[in-house]
Each structure stands twice: as C-alpha cells, then as structure tokens.
Amino acid sequence: MVSGEYHDGRSTRIRRVQVMLEGDQLSWRGDDVQGAAQLVQVNVSARMIGVPFTLRLPNGAQLQIAHDDMPGDWLRGRHRIETLVDWLERKRWVALASVLVIGLSLFGWLEYGMPWMADRIAARMPQRMDVAMGQQALTLMRGRMLLPSHLPAERQAHLRELFDRFSRNVTGLPAVHLAIYDSPSIGANAFALPDGTVVFTDTLLKALPDDASFIAVSAHELGHLAYHHQMREVMRNVGLTVMISMAFGDVTSLSGISAAVPTFLLNNHYSRAFEADADDFAFQALARQGIDPIAFADAMHALERAHPGAADGREVRYMSNHPLDAERIAKAEAASRQFRKL
Amino acid sequence: MHNQGNAAHIFLPEIEDTVFEGSHGRAVFEFHGNTRDYFRIWIVNVALSIVTLGVYSAWASVRTRRYMYANTTLGGSRFEYLAEPMPILRGRLLAAALVAILALAPHVSLRLLAVCIGVIGLLMPWFIVRGLMFRARYSAWRGVNFRYEDDYVGAYKWYLVIYAVMAVFALVAMKLLITNGHQIIAALLIIIGLFVFQFMLYPWVRGKQQQWMAEQHCFGGKAFHFRFDAKVYRRIYRRVLGIYILSAIPAAILVFEIQRSLGWTPAELHQHPLTVKALSYLYAGPINLAIWAYIRVRMTNALYNHTSIGPFQLESSLSYGDMLRIYFVNAAAIICTLGLATPWAVIRVARYRAEHLRLEGTGSLDDFVQTSSRRTRVGAVGAEVDSLLGFDIGL
C-alpha cells in the first residue's frame, strides 16, 4: 500500500489516498473517494528520475505517486524503451560515455554521413536546377560585380579558342563555356557556375604569365564542374542548416547566432575538400593533354603576386576556400615531377 | 515564444491555485530540479537523438520537458507535461522540411524564396495559434490541463494584418513625400515617422499581442484576464534605445582597442577574415544579449504582472541585472564547455524564474473546476515550426 494524490481530472482539489494493488486490481481509498480499476486499463507514466508517477485511470481521473514510493512491479512490461533510457540516465558511466558518443557520432555524421547523403541527393537533382542556379548567380552579379571586359577582342577570342580546345578533350563535363568580365570588386579570380559558365576576371587574365597557366586554372574550374561541386556544396549547406537548426532550436534567436560560427567553419571545411579534388582533377587533365602541371604552380605564384600578403597569413588556411597556397603549389610540383618521368 | 529546447520556460502563462485559506493568500512557484539529475537525462537523450539521426529527438524532448515541468511546483503541486512523442516527431519532420526548402530556395531562384517566405508568412499566425494550443493542451497542474481557445481571426489581426497595414501606410507616405517633395520636410517627416513607430506603434502592437495571447488561455473553467497598459510597453522600448547606446559604446571601444593593438590598417583587415569575424561577434554578441535579455525580462514581467485568473493575480519580479548576469555566465559557460554546461544553465534560469514568480490573491487553489472534461488532441506542427523558425511571439 502506498500513499498518493488523487486528482479527479476536472477540479484542482487534491485528495490524499492510499493505493494498493491486489492481483491485477488497483484500488484507492481516501478523503471521500474510493474506487478500483484493472491495472491493464491504467496508463502509467514512464519512470524518470525526480518525476512522480502518474497513473491515468479509465474514468479520466489520475493518481500521482511520488517517484520513490512506487513499487517496481506495478510497471512491469510497460514503456520498454523508456525503461531502458531511464536505466541509462541513472548510470554515471553512461553519462561519461554519452559525451564520447556525441563527439564521435557528430564527427562521423558531419565528416561522412551527411556529405554522403547530400552527394546522393545532389546527384539526383535535374540538370535544369544546375542551370537555374548558374543563371541566377550570373544575373545577380552581372552589372554590379561583373562588368564588360576591357580585354582586346582578339585576346578574348584566343583564350576562348584555347579553352574550347582544352575542354573538348576533357571527359565527363557538361556543356561549358568561357565568360570574361572586368570585376574591380572580385579582383584576380576565376570561378565556375553550375550551368557550365567558367568566369575569368580581367585582372586574373592579366596576372597569368602564359597560356599554359590559363589552361591550368581552367582545368581546376572544369574539375568543379565535372564533380558537380556547386550542387553538392549547396546540398551540404542545406543539410548543415537543418541539423544545426534542429540542434539549436530556432535559427533566428540568440542561440541561432552562436550557431553561425560552427556553420561557417564547417561549410569552409567542405569547400576546402572540394578545392583539393578540383586541383587533382586539373593535374590529371593537364597531363593527359601533354601540359606540364607545373603550369598550375605558375598560376598560383601569379595569384600570390596579385594578392600580396595573402600567402603569409597562417589563419588564411581556415578561411580561404582554397587550401593553403604553399600546399597546393607543392602538390602541383609533385604532379609535374611525375609528368616528366613519363 | 519559447524555444522549448531551452526548457527554462516552462509553460507558465497559466498557473493558479493553492491551498490558501488566509485572508491574503500567496502561492509560490518553486523549482526543485538539480543539475546532476538533469545533466544525466539531458546527455543521454542528446546522445540517443544524434545516434538515431534525430528520430529519437521527439522522445528526448518529451523526457527533458517532463523533468522540467515536474520539478516546477505551485503551492506544492507539480506541473505535468503530457505531450506524446509521435505527434512531435511528425511536426518536427515537417518543420525540418520547411527549413530545408528555405535553405535551398535562395540558391535556385530568388522568386522561389520570395514565394516560400510569403506562404510561410501567411501561415504564420495559424502556426502560432496551433503552437499555443499544443503547449496549453499538454501542460497540466493537479490533473487539469490548460486550454488555449483558438482565435485565428485574432492571430491574423495581431500578427499579420497589423504589420501589413503599417507597411502600406509607410509606403504610401514615402511615395507622397518623394513625389511632391521638399527634401528637408520629407526627411523630418520620415524621422518623426520612425520615432512614432519605434516608440509608440510598435510597443502598442507588442502589448496588444500579449493581451491577445494571455486572454485566450484558460485553466480550470476560468479565463485569464489581462489589463492592457500601453505605457508599460512604451517605457520598455524607450529604454531599449538607451541600453543599446550604453552597451554599444564600451563594446566599440573594446573592439577598436583590440584592432589597434593588432596593428592592422583597415586595408589589411580583409586579409584576416576569421579574426574580423570573431571581432564582429565580440562586438555584436554582448550587445544583442543585453538587449534581448532586457526585452525578455521586461516583457515577461509585463505579461505576468497584468495577468490574473479568478481571484488570483500573477506577480513576476525578474530583475534585469540578475537575469543579465545569469545569461552572460550561461553563455560563457556553454561556449567554453562546447555545450556541456547547457543543463546547468537551463536549471539556473528555471530556478531563478520560479523564485521570482508567485500568485497573490484570496481564494482557494482548489476551486478551479473544468466544466467539460473533453480532451481533444492537438497536433504538434505549429509548436515545432515556430520553435524551429523562431517566430517571435513575444513571451
């Protein structure tokens, strides 16, 4: 027999009662109430540290029994999963192990699981969507960040010719084309848009020493297109946003602000991996067409000269979309050595 | 309103009744939870949620909320959280899909994004009502659950139409000013307009929203009553401006000094984007926290102190200084422990809030009687969507 409170479910009056179980018959008696019910018809709440048990009775009333007073055998066979969880919640070693489990599974999920899933989804997206994404990005930038090029027409035609001849011999590409713009705000840069547009800025083209280095940068951008990097990156960003918004509750509140930092770092982490992949793609594509991958290192050196100072900041590593320049140059040189050996 | 993940805000707009016989009764709220128990519950449930890729998170939310509710008492009786995990899971999946669409849309087409935001905006008042109904329906005290009388017209009026009307007025006024414009007069009128909006209209709307929300709640056959006083809200938003100025000056000086000691010229700054980003958080973080905490504390006090039910009047005496200190220490602890201090932080806030809330009045807490015991189910979609997208309903 245990003591508890009887709530009739309609009023806030509390009645103290004694509750007992005989066979499978639960009965209670106390301050002007008494009654009985089959235990199977009583809905007992799951066990939990520091929370009293609530026994919901068939008549809409309920009994509340303090956590420590509840006889264990009244709940046998109910809430199997929550009983297990409750057991876990009471063990100190489980709490410690949970910290480890959280760390490991977060790492595994962010490093492998989520990117894998995002890549699968990206692969199923229709081509139309790539085109829409590329067009929209171009429309947004054209006229503001991207202005008509000042390069002489014959130079542009020459580059276009080089680009087309090179890309025609690269397998696994969507339809691609070169676009040249003047962009004071972007500076010396090149980027690929998912619809197959590869954009070069005037400043970059002036900085590149020769045709081979132009082709090397093109090859890198074609790598992004061949590997569908933009769509995959977008899908990873979406996955990350969903995960983080679920973890932190709402996206807009104060906790949302603190979520911005990990989101930013992780997105950078993913795009750095893509850059390295595009570099490897470029080395192979160059070698296959008889161009020494050292041209890529030449392009990197030219870029460094165009952005003085960027190369020495060690923190640039975490920031820039491109893995640290020295690292990339070393890889290009290694690819070049291999190329010459053949 | 509440980000329920942060279980600190137990569903309180409703509370009533103690066993008080004296001529002047006072029923206190107490919080009995402790960090040791809550940490274990929290960490196990977080781990299970991650391992199951979020599926278990609905069960996890129910368990952590049950702990927080059950450890909050009024007049010695515990609150209860009654929601079932399955509806929460369904609502959460839908909310996650919405977040995914919103995150994807800007990459594909800005028009699609505008359509999505428009549709969600139109549905928002509906989500708000459903969220309030859900929270009320599954919060109980002494076996009686709270109720939220759905009022979709009111929700659309106070959360959509009012803003639309103000926007239209602002646009029309701007248009008139620009077309027949004497520039100085136009500028003056715009400044006056902004002033009126920030210090008169907006506070009034927020107050009206609170009133609408409080008055739709009921418990044990009695409705909550709310005494609306526009002055209260005007004062809150006046002081927000002061707090902004007071906190922005030291923050700006601090950030400026750090930047100077690093010895970078403005031109060099963009070569150190990570540091710049960190500095901007260092600047904006504390200011945001100071303002957010102020609005939160004052609006909470305003809500409870003007709310009554039956013979009882709620009294909330949160102090801005205390809460600001609690929030700052919590934020620092959570960041330094990479989140492991979250349960401790949640418990601290819950304890402080319970200590500063009470119910005054003559009457018996036993006298709340629900006329109908019909208990309908309420879907969790609204509650999940608004906690994920964070509509600010101002609690």
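Predicted model: local features only at pLDDT ≥ 70, side-chain atom pairs only at ≥ 80, totals over all residues.
The assignment puts domain 1 at residues 2-78 of chain A and domain 2 at residues 123-341 of chain A.

How confident is the predictor about chain A? Its mean pLDDT is 85, and 92% of the residues in chain A reach 70 or more. Among the elements of chain A, helix 2 (residues 92-124) comes out with the highest mean pLDDT, 93, while helix 10 (residues 316-319) has the lowest, 39. Over residues 309-321 of chain A, pLDDT stays under 50. For that stretch, the model has 21 contacts beyond four places in sequence.

Now over to chain B, for a look at backbone angles. Two residues there are worth a glance:

| Residue | Phi |
|---|---|
| Arg142(B) | near 50° |
| Leu338(B) | near 50° |

Where do they sit? Arg142(B) is in the loop between strand 4 (139-141) and strand 5 (144-148) of chain B. Leu338(B) is in the loop between helix 10 (320-336) and helix 11 (342-355) of chain B.

Is Arg142(B) buried or exposed? Arg142(B) has 26 other C-beta atoms within 10 Å, so it counts as buried, the cut-off being 20 or more. Leu338(B) has 12 C-beta neighbours inside 10 Å and therefore counts as exposed, since that label covers 12 or fewer.

Technical notes: Residues numbered from 1 in each chain as written. Chains lettered and ligands numbered in written order. Domains from an automatic or database assignment. Helix = DSSP H or I, 4+ residues; strand = E, 2+ residues; numbered from the N terminus. pLDDT = per-residue confidence, 0-100. Contact = placed C-beta atoms within 7 Å.
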